[in-house]
Every structure is written in C-alpha cells, then in structure tokens.
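Hi,

Here is the structure I said I would pass on.

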Amino acid sequence: MYDLVVIGKGPAGLSAAIYAVRAGLSVLVIGRDYGALEKADKIENYLGFEQPISGLELLAASEAQAKRLGVELIVDEVTGVSWMEHFEVHTSKSSFEAVSVVLSTGIPRRKASVKGITEYEGKGVSYCATCDGFFYRGKSVAVIGSGDYALKEASELKPFAANIYLMTNGRDFEGTFADEKIILDKRKIAAVRGEDDRVAGLDFEDGSKLDLDGIFVAEGTASALDLALKLGLDNDGKVILTDGGQATNLPGVFAAGDCTGGLLQVAVAVGEGAKAGMSAATFVKESRGEKAPKLQWGG
Ligand SMILES: Cc1cc2nc3c(=O)[nH]c(=O)nc-3n(C[C@H](O)[C@H](O)[C@H](O)COP(=O)(O)OP(=O)(O)OC[C@H]3O[C@@H](n4cnc5c(N)ncnc54)[C@H](O)[C@@H]3O)c2cc1C
C-alpha cells in the first residue's frame, strides 16, 4: 500500500508528489499524459527561466526531479477511486491501495458532444454510474463513450440494469471489448429523445431509434469531477471544492491545480500541489499516530 497516490502528472501532481516524498511518504503518481502543458510551445511567466521554456521541457525536468527523489511514476488511466478501510485507485490495467489521494487531473478538454445531453442532465442523464446506477434496476440504459472509462462505467451498471448499451457514437472501441452483458453499439447518435421532461431514448443519424430509461456519459477519460462524484466530494458542478490546505470534505483526499478552479496557471498549480503534498503528509502521519507538523492555512 502507498502512503499517497497522486492522480495526474501535470505541475500540480508532480509538485504534490515532490513535497510528499520529501516529507517521508511512499508516493505513486499515475498520469495518462502530460496534460494541458503538452501543447504549450513557450512558457515565459513561470519563475526561474530567463528564456521561454516549452511545456514538454518543463514537465520532463519536473518528472525527472520527482523520480530522483524517489517518487514512482506510471503511465495509465485512472477509471475510479473507491474507499473502504483505505483508498483503492482503479486504472485501466490494475488497482493500487493508498492511505491518501491527491486529485490533480486538470480540467476536462472534451465535453459530451451529443445534442440534448445538457438539457436532460438530472432527468435521466447521469455522469456517475456508482452514484446513480441503483435508480435503474431492471431498466434499459446506455453509456456514451468509447474507451476503458466507458467500459468501467457500463460494468458498474451490470448488477442493476436489465439492458446495457455501450454507445461509441460512430467510433471504434479503443482497446479490447469482451462482455456478454454489455451490447456494443456503434451507431452515430443524432440526439437525446425526451418525453414528459425525462430521457426516453436516443435517435440515430441513420433514422433508427433506441428506447432508454437512462443515459450515462463517459466520453474520454474520467475527469476530476467524475472521480469526485464517485467519492461524494463537494463540488460546484465544475470544480472540486477544497479548504486552504487543499483538503476536500473527505478526510485523506486532497485536490490541487486546474481541477480546483481559480487562476489556471502553472505557478498556482505548483503552489496548490505543494500544499496538497504537505497536507497529505500530515494526514498520513497522524493516521499512523506519528507526530506531524501542524499546518495552518487560511481560507
Ligand atoms: C495551450 C496551453 C498553453 C498554456 N500556457 C501557459 C503558460 O504559458 N503559463 C502558465 O502558467 N500556464 C499555461 N497554461 C495553463 C497550464 O497548462 C495549467 O494551468 C496547468 O498545466 C495546470 O496544471 P494541473 O497539474 O492542474 O493540470 P494538467 O497540467 O492539465 O495535468 C493534468 C494531469 O492529469 C492527468 N489525467 C487527467 N485525467 C486522468 C485520468 N483519468 N487518469 C490518469 N491521469 C489523468 C493528465 O494526463 C495530466 O498528467 C497553458 C495551457 C494550455 C492548454
């Protein structure tokens, strides 16, 4: 079991990992890619570089720094986090146990692209199978998405729903698909169909229709908000809410960087990551009955 699993290897996640490992924690960072900065050609407002530096250069150096200090790093996609006696972080390939977790997954860059989805949010359209699956006992549901995250959401519905469709919306499924209870459907979606102000089904571009009781959106990878919903973390519908020390309302879970809103900049992500890493160190040490520094945060 790791003392801390950090989800995301952007500036916030790597900064959290560096502070936590230097405070004596065993730390694993799981990141899918380099995040928002991967596309930044020139950064010239981050302290310490006389000449502009590319996002990739900055992140490669930060990753090497974290590794040198003893942080373990893996490239994988997190599909969910659960809590029993400790946290379990589920990925596409495996799962990892942790005493504490830092969420630093940035902000989602892809939104559900289907006409009518936003209109029916909370009226049959859901973003969390763990939270809402129970309401669809014996019913027909669709999960919109074409990757591991969508398959994970569809699998969570198996104990409840009678029919589960995995709708790739015209795409091929990314990876291997083999599940007898989940029907893979590649038709291109035209719109969500409603009746009496609730989801009634999906209409397809080829003119066909599918009657449904519920639709779960799981496009792309799990965003910070998706993970937050599964853990019951306070949020405002867009970002995760934290206190001044980056603690969420669930003890042991911290959030840092763009996923907490505010000024979406590297300097802020690094600062919040530092606070999250230190707060996680205090949490882990206190949970072991060890002496931990008492941190005072405003806000
Ligand atoms: C084009 C561009 C240019 C920019 N230029 C500047 C600039 O010049 N100066 C500046 O200060 N800021 C700049 N920014 C903003 C800056 O990039 C962000 O504020 C900063 O990267 C936020 O850091 P973060 O760690 O919170 O998130 P990110 O850097 O977005 O990192 C998120 C991490 O989470 C991972 N992740 C997400 N979901 C999952 C999942 N389900 N499983 C596993 N891993 C996951 C990603 O792979 C990534 O590693 C720019 C942004 C863009 C898009």
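Predicted model: local features only at pLDDT ≥ 70, side-chain atom pairs only at ≥ 80, totals over all residues.

The contact between them draws on 9 residues from domain 1 and 9 residues from domain 2.

**The ligand**

There are 30 residues around the ligand, and the ones that come nearest are Lys 9, Asp 33, Val 78, Asp 258 and Val 266. Sorted by class, that shell holds 12 nonpolar, 11 polar and 7 charged residues.

Backbone atoms are worth a look here. A polar backbone atom of Lys 9 sits 2.9 Å from an oxygen atom of the ligand, and for a polar backbone atom of Asp 258 the distance to a ligand oxygen is 2.9 Å. Leu 264 also has a backbone N or O atom 3.2 Å from an oxygen atom of the ligand. On its own the ligand would expose 1000 Å², and the protein buries 85% of that. Helix H1 (11–22), strand S2 (27–31) and helix H6 (266–287) are the elements that give two or more residues to the shell.

**Asp 3**

Strand S1 (residues 2–7) is where you will find Asp 3. Is Asp 3 buried or exposed? With a relative accessible area of 8%, Asp 3 is buried, because the cut-off for that is under 20%. The side chain of Asp 3 makes a polar contact of 2.5 Å with the side chain of Arg 288. Leaving out neighbours within four places in sequence, Asp 3 is in contact with Gly 24, Leu 25, Ser 26, Val 99, Ser 100, Val 284 and Arg 288.

**Ser 140**

Over in strand S8 (residues 140–144) there is Ser 140. Its relative accessibility is 14%, so Ser 140 counts as buried too. Which side chain does the side chain of Ser 140 make a polar contact with? The partner is the side chain of Asn 163, at 2.9 Å. If residues up to four places away in sequence are set aside, Ser 140 touches Asn 163, Asp 211, Leu 212, Asp 213 and Gly 214. For a sense of scale, Ser 140 and Val 268 are 128 residues apart in sequence and 44 Å apart in space, C-alpha to C-alpha.

**Two positive phi angles**

Two loop residues are worth checking in your viewer. Asn 169, in the loop between strand S9 (163–167) and strand S10 (182–185), has a positive phi of about 55 degrees although it is not a glycine. Asp 197, in the loop between strand S11 (189–195) and strand S12 (198–204), is also a residue other than glycine with a positive phi, near 65 degrees.

How do they stand for accessibility? Asn 169 is at 7% relative accessibility and so counts as buried. Asp 197 has a relative accessible area of 49%, which means it is partly exposed; the cut-off for exposed is over 50%.

That is everything I have for now.

Cheers

Notes: Residues numbered from 1 in each chain as written. Heavy atoms only, no water. Near = heavy atom within 4 Å. Polar contact = N/O pair within 3.5 Å; in protein donor to acceptor, adjacent residues only side chain to side chain. Areas by Shrake-Rupley, 256 points an atom, 1.4 Å probe, with all protein chains shown as cover. Helix = DSSP H or I, 4+ residues; strand = E, 2+ residues; numbered from the N terminus. Nonpolar A, V, L, I, M, F, W, Y, C, P; charged D, E, K, R; others polar. Buried < 20%, exposed > 50% of the residue type's maximum accessible area, 1.4 Å probe, protein only. Contact = heavy atoms within 4.5 Å.
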